[in-house]
Amino acid sequence: MQHLLKDSDLNKAQIEALIALGKAVKADPKKYSQALAGKSVVTLFEKPSLRTRVTFDIGIAKLGGHSVYLDQQNGALGKRESVKDFAANLSRWCDAIVARVFDHQTLVELAEHGTVPVVNSLCNLYHPCQGLADFMTIAEHYDDLSKVKLAYLGDGNNVSHSLLLLGATLGTDVTLICPKGHGPDTQIFLQAQALAAKSGATIHISDDVADIEGFNVAYTDTWVSMGDNTPMEQVKDLFMPYQINQALLDRTGIQHVLHCQPAHRELEITSQVMDGPASLIMDEAENRMHIQNAVLLTLLGGKSRGTNLNHDTFIESSSNHHGEK
C-alpha cells in the first residue's frame, strides 16, 4: 500500500524516477493511453482549483482511466461524515483518492482508514504534485539538478515547503527570501536542512534579495495564500521589495522564472517577466498533468505495452512512510 502524502515520503531515486516517467508520458502520450484502463480515481476538493482539477481530470482520461469529482458544498470533510467512514466507503469503489484539503491530518486519516492509494494534491503544509512539476520543469532545462540554485521569493507557505524538501533531497541549493515573520514552518525547514546534509545541498533562508545573485531559477507565489483573509493592501508594501521583475533578473543573472499560479500580475510578479523569455510558467502548468500521471501510474501499477510501470525503487522505499500506511 503506497501513498504520496508529503514530499519527504520520497527519496532521491523515487523523485528522479517520477520525473523521468513524467517526461516519458509527455513525450509519447499514446504509449500510455490505456495504462489506467478500468481504473477509477476520486478527486476530492475542499478548496477551489483550476490547474489541479483540470490536470487530474484530463490527465486520468488520457491514461484511459475515469475520474469522479467530489466537492464539499455540504460542508468540510469530517463534518457531515467522518473521514474514517468517508475513506472506507470510497475504498470499496475507487482505485485511488486524490485530495485537496485544508488540513494535512485529513490526508493522514484517509490513508489510515482507506485501502487505496491517497495522493496529496494540496494541503496546508505541502503541495507535492506542484513541487514535482516544478522540478520536472527545471529538469527540462538543466541536466543536473544538483548543480541548480533555486530561489523562492515571498511568503513561506506549502509550496515553499515542498520546494525545500524536494530540493534538499535532490541536492538542489534552495534559498527562501521572505520578509521577517513570513518564513517557512520551522520544523519543515529543519527537516530540509537534515536532508540537505545528506545530499550536499545548501538550504538557506534570508530576507535579503542580494543573497540570490548568481542563482539559476527564481520562483514566487501569491503573497496571501488561499484561505488567508488578510487584505492584500495590508501586506503589499511589506512584500513589494520581493517582487520578481526584470530589474531583479538583470541584477541577479537569474535565467528562468516559475510561478505555481494563480498569479497576481504586477504584485508578486510583473507581466513583463511572466510573459517574457525567462518564464517557464506555462510549461510548469502543463507539467502538472504529466507528473501527476507519473504518480498515478507508479502508485496504481499502470501498464504500457505490457510492461509494469511500478518502479521498484518507489515501491521498496515507500513501504516505510514514517508510520503512515
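Predicted model: local features only at pLDDT ≥ 70, side-chain atom pairs only at ≥ 80, totals over all residues.

Trainee: Which other helix lies across β8 and β9?
Mentor: That is α11, which runs at about 50° to β9.

Trainee: What is the order of the strands in the open sheet of five?
Mentor: The order is β7-β6-β5-β8-β9, and the pairing is parallel.

Trainee: Why do β7 and β9 stand at the edges?
Mentor: Strands β7 (203-206) and β9 (256-259) each have a single partner strand, so one side of each is left without a neighbour in the sheet. From one strand to the next, the twist averages 20°.

Trainee: How do you know that β5 and β8 pair?
Mentor: Pairing requires at least two bridges between two strands, and strand β5 (residues 149-153) is joined to strand β8 (residues 217-220) by four bridges in the parallel sense, so the two count as paired. One of the residues involved is Ala151, whose bridge partner in β8 is Ala218.

Trainee: Why is Leu176 called buried?
Mentor: Leu176, which is found in strand β6 (residues 173-177), has a relative accessible area of 0%, and buried means under 20%, so the label applies. Leaving aside neighbours within four places in sequence, Leu176 is in contact with residues including Tyr152, Leu164 and Ile205. The C-alpha atoms of Leu176 and Ile205 are separated by 4.7 Å, although these residues are 29 apart along the chain.

Trainee: What makes Asn293 buried?
Mentor: The relative accessible area of Asn293 is 3%, which is under the 20% limit, and therefore Asn293 counts as buried. Asn293 lies in helix α11 (residues 281-300), and, not counting residues up to four places away in sequence, Asn293 touches Val25, Gly59, Ile60 and Leu63.

Trainee: Why is Val54 called partly exposed?
Mentor: Val54, in helix α2 (residues 51-62), has 38% relative accessibility, and partly exposed covers the range between the 20% limit for buried and the 50% limit for exposed, so Val54 falls into that class.

Definitions and conventions
Residues numbered from 1 in each chain as written. Heavy atoms only, no water. Buried < 20%, exposed > 50% of the residue type's maximum accessible area, 1.4 Å probe, protein only. Contact = heavy atoms within 4.5 Å. Axes fitted to C-alpha atoms, helices over the stretch in contact; angles between N-to-C directions.
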